[in-house]
Amino acid sequence: MSLDSHIEKVLWTKFQISKRVTELASQITSDFSSVSPPPLVVGVATGAFLFLADLVRQIQLPISIDFIRAESYGSGTESSGAPRISLDLKLDVKEKHVILVEDIVDTGNTLSCLIKHLESKGASAVSVCTLLDKPARRKVHFELLGDGKYYKGFESSLS
């Protein structure tokens with residue numbers, strides 16, 4: 001059996017994904033080139049780590065990187081709707097612009113929780129960069145902090 005024999009349909013090719021990640025990194029570099037200190041990039045573990053690695057390799061800024069984990073799924077595939085921080089940051093976010101990197105923004109529950117958590121730790125702004133945005137599944141409206149920006153690689157109307 002081949003590794004990808006279970007795939008029904010390819011939504012985006014490796015080339016399309018790579019090109020879009022390059023575009024996102026270029027936009028982030030441009031938007032933050034005059035920001036001091038440079039933003040802190042925070043990967044939402046564990047789903048975003050490959051996207052994060054591809055993205056930060058192409059951001060042309062002296063960024064710092066950390067990880068945070070918020071869990072709302074437990075051992076199942078349906079969200080409980082009540083995320084909790086299960087792995088917190090090691091770096092200080094006080095008075096810094098944080099870019100949260102997510103693989104998928106779905107219901108908005110986790111993102112809303114993380115933004116509030118970063119605000120409580122003193123972040124001056126929070127941006128979000130996601131590989132896939134699924135606005136049709138949104139249940140919670142989240143607000144970016146300060147002059148935060150929303151970067152999305154792709155958008156899916158599939159639920």
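Student: What makes the contact between the side chains of Asp-88 and Lys-121 a salt bridge?

Tutor: In this predicted model, the N to O distance between the two side chains is 3.6 Å. The cut-off is 4 Å between a side-chain nitrogen of Lys or Arg and a carboxyl oxygen of Asp or Glu, so the pair of Asp-88 and Lys-121 qualifies.

Student: Where in the chain do Asp-88 and Lys-121 lie?

Tutor: Asp-88 is in the loop between β3 (84-87) and β4, and Lys-121 is in the loop between α3 and β5. They are 33 residues apart, and the pair links distant parts of the chain.

Student: Why are Asp-88 and Lys-121 called partly exposed?

Tutor: Asp-88 has a relative accessible area of 30%, and Lys-121 has 32%. Buried means under 20% and exposed means over 50%, so Asp-88 and Lys-121 fall in between.

Student: How do you know that Asp-106 is buried, whereas Arg-137 is partly exposed?

Tutor: The relative accessible area of Asp-106 is 14%, which is under the 20% limit. Arg-137 has 30%, which lies between 20% and 50%. These residues form a salt bridge, with their closest N and O atoms 2.7 Å apart.

Student: What makes Arg-20 and Glu-23 a salt bridge, and where do they lie?

Tutor: Their closest N and O atoms are 3.1 Å apart, within the 4 Å limit. Both residues are in helix α1 (residues 14-32), 3 residues apart, about one turn of the helix. Glu-23 has a relative accessible area of 33% and Arg-20 has 23%, so Glu-23 and Arg-20 both count as partly exposed. A search of the whole structure finds 7 salt bridges.

Student: How do you know that strand β4 (residues 97-105) is mostly covered?

Tutor: In β4, 7 of the 9 residues are buried, and each buried residue has a relative accessible area under 20%.

Student: Why are β4 and strand β5 (residues 125-133) called paired strands?

Tutor: Pairing needs at least two bridges, and β4 and β5 have 8, in the parallel sense. Val-98, for instance, has Val-126 in β5 as its bridge partner. From β4 the chain passes through helix α3 (residues 109-120) to β5, in a right-handed β-α-β crossover.

Student: How many bridges join strand β1 (residues 40-44) to β4?

Tutor: There are 4, and the two strands run parallel. That also meets the requirement of at least two. Val-42 has Leu-100 in β4 as its bridge partner.

Student: Which residues touch the most other members of the largest nonpolar core?

Tutor: They are Val-98, Leu-100, Ile-115, Leu-118 and Val-126, out of 19 residues in that core. Two or more residues come from each of β1, β2 (64-71), β4, α3 and β5, and α3 gives the most, with 4.

Student: What does Val-126 touch?

Tutor: Leaving out residues up to four places away in sequence, its contacts include Val-98, Leu-100, Ile-115 and Leu-118, as well as Leu-144 and Leu-145.

Notes: Residues numbered from 1 in each chain as written. Predicted model: local features only at pLDDT ≥ 70, side-chain atom pairs only at ≥ 80, totals over all residues. Heavy atoms only, no water. Buried < 20%, exposed > 50% of the residue type's maximum accessible area, 1.4 Å probe, protein only. Right-handed = clockwise from strand over helix to strand, strands pointing away. Core = buried A, V, L, I, M, F, W, Y, C linked by side-chain atoms within 4.5 Å. Contact = heavy atoms within 4.5 Å.
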